Amino acid sequence: MKFRDGFLWGGATAANQCEGGYNKDGRGLANVDVCPTGKDRSLVITGKLKMYDFDEDYYYPSKEAINMYHHFKEDIQLFAEMGFKVYRMSIAWSRIFPMGDEEEPNEAGLQFYEDLFKECHKHGIEPLVTITHFDCPMHLIKEYGGWRNRKMIDFYEKLCRVIFNRYKGLVRYWLTFNEINMILHAPFMGAGLCFEEGENEEKVKYQAAHHELVASAKATKIAREVDKNNLIGCMFAAGSVYPYSSNPSDVWEATKMDRENYFFVDVQSRGKYPNYALKEMERKGTMPIMAEGDEELLAKYTVDFISLSYYNSRCVRTDDGEGETAEGNLFASAKNPYLEYSQWGWPIDPLGLRITLNHVYDRYEKPLFIVENGLGAKDVVDEHGYVEDDYRIDYLREHIKAMRDAVTVDGVDLLGYTTWAPIDLVSAGSGEMEKRYGFIYVDRDNEGNGTLKRSKKKSFYWYKKVISSNGDDL
Ligand code: BGP
């Protein structure tokens, strides 16, 4: 049993985590530039602490990251050597519109991505572009309050018009917002939100979410108008929620947590606010203000496919929270005693990927795309830059097997698979370099030291074989 011909194998990155060059060629400051490492990071990414003043001397990870801004040809060449069919990356909004609200785009920024896409095509690699990956010009946050402000829809729409027109014929796969549901857990990264003392945070988050959902529908509309070959996807952080026990209250809690994630995809794929959300918003007083025409837009411009990140399943218990908690992609949940854990305490659950794919496909019956999956680990590198990362190979092998079962046994329609991340880059959660995901090692440490030299890990050769056998040789 095989993956379809043309299955899109590849890898995924995000601009702020790999490009660097934060002030090069007219790029403006973005929210992700002012997220520090260390203890303040979680306060900043959750919107509790404002980091409005940029300190040039402070080591902000995205200032230089792995400097893909200047290394992209070399990096794409390495991706091509592994046989990539697709490369998922994101556009830094503030390269195109440095402030976010100006009239004219920055030509140097536009040219950078044009060169990058052309480089991909030179190697037969299809770009898959996230329009915003935890990324918002800082000026839009200071001046307008980020996505809490409806004006953001217009600024985003303008960005979309510019990039869809400029990259027509170069890009056809687009994702509107990275992990849109993460607005609930990392609102500064997801929507440029900072909260005032005593503010109803949940209300603000859902208002901002509404603006993003409308912006996503508008982007879908424009993408289709500009080029009928464009395919637009939504993107959410997936990972089914398990009840800790068969106690119905655990099951009910898990159902509610799942819905919290599905809410976003329900709107983007089914085209309307689901009843459970409307009821809850009414009850809690968090119903967003909608403008005339919003509901029609949401209904008319639903996505073509659904993309997701999967790192771990989650688990929930209602018995006084006595058990231990486990970390996970951007938020913690109850510790599942049946699973192993990564060095960062994230559960490792390959079967959970099959379960999740089945849930999502049953719910929406649209093609799916796994656009993030991988293992963050502390690699030990030898003097030649070589890393024996069998743990990474094991993780990916088991997840690919589970994905294969979902496709070939269960009938899930899957367009492709991009690992996070093909090359070491800055971690979104911790802001550190030492949490490595790549097939390619980058000589760079947590303090920003290192030559930035790229070298191939053991997993590089393994993934190349996986791709050339279309997932047969694992
Ligand atoms: C997702 C993000 C990515 C990425 C990944 C791994 O939430 O979309 O940007 O970083 O998680 O998380 P981390 O970097 O915290 O290990």
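Biologist: How many residues does helix α14 have, and what does it reach from its first C-alpha to its last?
Modeller: Helix α14 (residues 390-409) has 20 residues and reaches 27 Å, close to the 28 Å expected at 1.5 Å a residue. The expected span is 1.5 Å times one less than the number of residues. Helices (H or I, at least four residues) and strands (E, at least two) are DSSP runs, numbered from the N terminus.

Biologist: What kind of model is this?
Modeller: The model is predicted: local features need pLDDT of at least 70, side-chain atom pairs count only at pLDDT 80 or more, and totals for chains, interfaces and linings use all residues. Residues are numbered from 1 along each chain as its sequence is written.

Biologist: Which residues of α14 are buried?
Modeller: Among them are Ile 393, Leu 396 and Val 407. Buried denotes 20 or more other C-beta atoms within 10 Å of a residue's own, with C-beta atoms placed from the backbone.

Biologist: And what covers them?
Modeller: The cover includes β13 (368-372), β14 and α15 (458-468). Contact requires C-beta atoms, placed from the backbone, within 7 Å.

Biologist: What follows just after α14?
Modeller: Gly 411 does, with a positive phi of about 85 degrees.

Biologist: Turning to the strands, in which order do they close into a barrel?
Modeller: The order of the eight strands is β1-β2-β3-β4-β5-β7-β13-β14, with parallel pairing. Two strands pair if DSSP finds at least two bridges between them.

Biologist: How many bridges join β1 and β14?
Modeller: Five bridges join β1 (residues 8-12) to β14 (residues 414-420) in the parallel sense. Trp 9 stands opposite Tyr 417 in β14.

How values were computed:
Buried ≥ 20, exposed ≤ 12 C-beta atoms within 10 Å, placed from the backbone. Contact = placed C-beta atoms within 7 Å.
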